[in-house]
Amino acid sequence: MEKLTEVELSDISVQDVTARNFSNNATSILIQEDDIETPYGNFHVAIQGDRSKVAILTFHDIGLNHVTCFQGFFNFSEMQPILRNFCVYHVNAPGQEEGALHLKPEHDALGNPESLGSRFVYPTMDQLAESVQCIVEHYGIKRFIGFGVGAGANILGRYALLHPNVVDSLVLVNPNATKAGWVEWGYQKMNSWYLWRGNMTSFTEDYLLWHWFGRKTQWENYDLVTVYREYIKSINTHNLSLFIESYLKRTDLGIERDLEHYRVDVTKIKCRCMVIVGDDSPHLDEAVEMNARMDPQDTDFFKIQDCGGMPLEEQPGKVCEAFRLFLQGMGYGEFDHWVLLYFDLTCLRLNLNGTYKLHIFSFPH
C-alpha cells in the first residue's frame, strides 16, 4: 500500500468570482436592432447572424425579453456550429425590451389621448401573432423556424395556424394551448394590479420566479435564480402588466388531434414541431396537454431530466443536442455516422393510446 505523505498548507488565495449578469456578456453578436412599426404597436427586433441564411424567429415569455430569455442559449458554445447556418430574429413584444419607456395611449385624429382611455391598448394574443407577419414582411422572410417560450410559444402557435405556409417548423418551450384557469387568473390579476401601479412586490417577484423556474430550481440553482432576481428590479412594471393582461385573456388555440386523418374541418398545426419541457417545470401539465392535441407523426415531445421551467438556461447542452437532432430531421444537417448514445436526455413521445414511449437517440460525432 502506498504511503501517504503529509502536505503543509502554507497560503490561501481568495478571488471573487465575477457575478453573472446580462450586460457583461461580450459573446453576443447582433448585427442590427430595429423598431418595427405595426398596426398593433412597435416591436423591437434584434438580429443575430447573417441575414442571407435560414431564419429562426424567437418570441419570449412574460416578464422576459430577447436578452433574458434567449441570449444565454444562443450564445452557448455548442450552439455556435449550428448558428453558422442560420440567422436569428429576436422579436420583443411591445414595451418589453430593455430600457423600454412607458407605453402611452394613442391619440385620435383630434389629438385627444382620452379617446382610448387612460391606458395603452395592448394587442391581444391573436394581434401579437398577426404582428409577427408584419415583421416577416418587413425583412422579406419567406419561411422561418419558430422558437417560442411560454407566452411566446402560444403566439407562434397562433401564427402557425394563421400562416402555415410561412412556418417551416416550431420549437415550443413550456407551451400552453388552453385559456387561463381560475388559479392562474387569480394570481395574474393580482400581479397585474400591483404592476400597473408601479409596485414590484415580493408576491409578484416570487410568482415570476416560480413561473420561470419552478420551486425545485429556486432551491437548487441559487446563482441562476439570483441573476433573474436582480433583473426583476429593472423591469418596466407598467408595460409588463399590459402584457400579462393580454396573456391572461388568451383564447384556446382550438387545435385537436385527428388520429384517423380523415376530417377536413380539424384545426391543427401543420408544420413539424418539437415540444420541450423540464421534468420539474411548473408548466409540465400544460405542455403534455399541448402535445396531446398535436399530430404525433409531426411532433416530438422532449422532457428533460434535472430541469425546471427554464431549459434554455438550466440545461442548454441537452436542449442544443435535441435542437440539432430536430434540425437534422428537418433536413438541415448531414452527418457521416453516429457513435454516441446520449442517455441523459429523456425523450418521450405520447403514443396514440395515451402512454409514454421512451426514445433513445444517438448523437453525431
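Where is Asn-236 found? Select Asn-236 and you land in the loop between helix 8 (222-232) and helix 9 (237-248); helices here are DSSP runs of H or I with at least four residues, strands are E runs of at least two, and both are numbered from the N terminus.

Before moving on, note that this is a predicted model, where local features need pLDDT of at least 70, side-chain atom pairs count only at pLDDT 80 or more, and totals for chains, interfaces and linings use all residues. Residues are numbered from 1 along each chain as its sequence is written, and side-chain values use heavy atoms, leaving out hydrogens and water.

Stay with Asn-236: its relative accessibility is 16%, so it counts as buried (under 20% relative accessible area; exposed is over 50%, partly exposed in between; 1.4 Å probe, protein chains only). A polar atom of its side chain lies 3.0 Å from the backbone oxygen of Ala-100, and one lies 3.1 Å from the backbone nitrogen of Asn-239.

Next, show Tyr-122 and Phe-243. Their ring centres are 6.0 Å apart with planes at 35°, so the pair is tilted (Phe, Tyr and Trp rings, the six-membered one for Trp, pair with centres within 6.5 Å; planes under 30 degrees apart are stacked, over 60 edge-to-face, the rest tilted). Tyr-122 sits in the loop between strand 4 (86-92) and helix 3 (125-139) and Phe-243 in helix 9, so the pair ties together parts 121 residues apart in sequence. Phe-243 is buried at 0%.

Now pick Tyr-187 and Tyr-207, a stacked pair with 5.6 Å between centres and 20° between planes.

Technical notes
A polar contact is a pair of N or O atoms within 3.5 Å; within protein, one must be able to donate a hydrogen and the other to accept it, and residues adjacent in sequence count only if both atoms are side-chain atoms.
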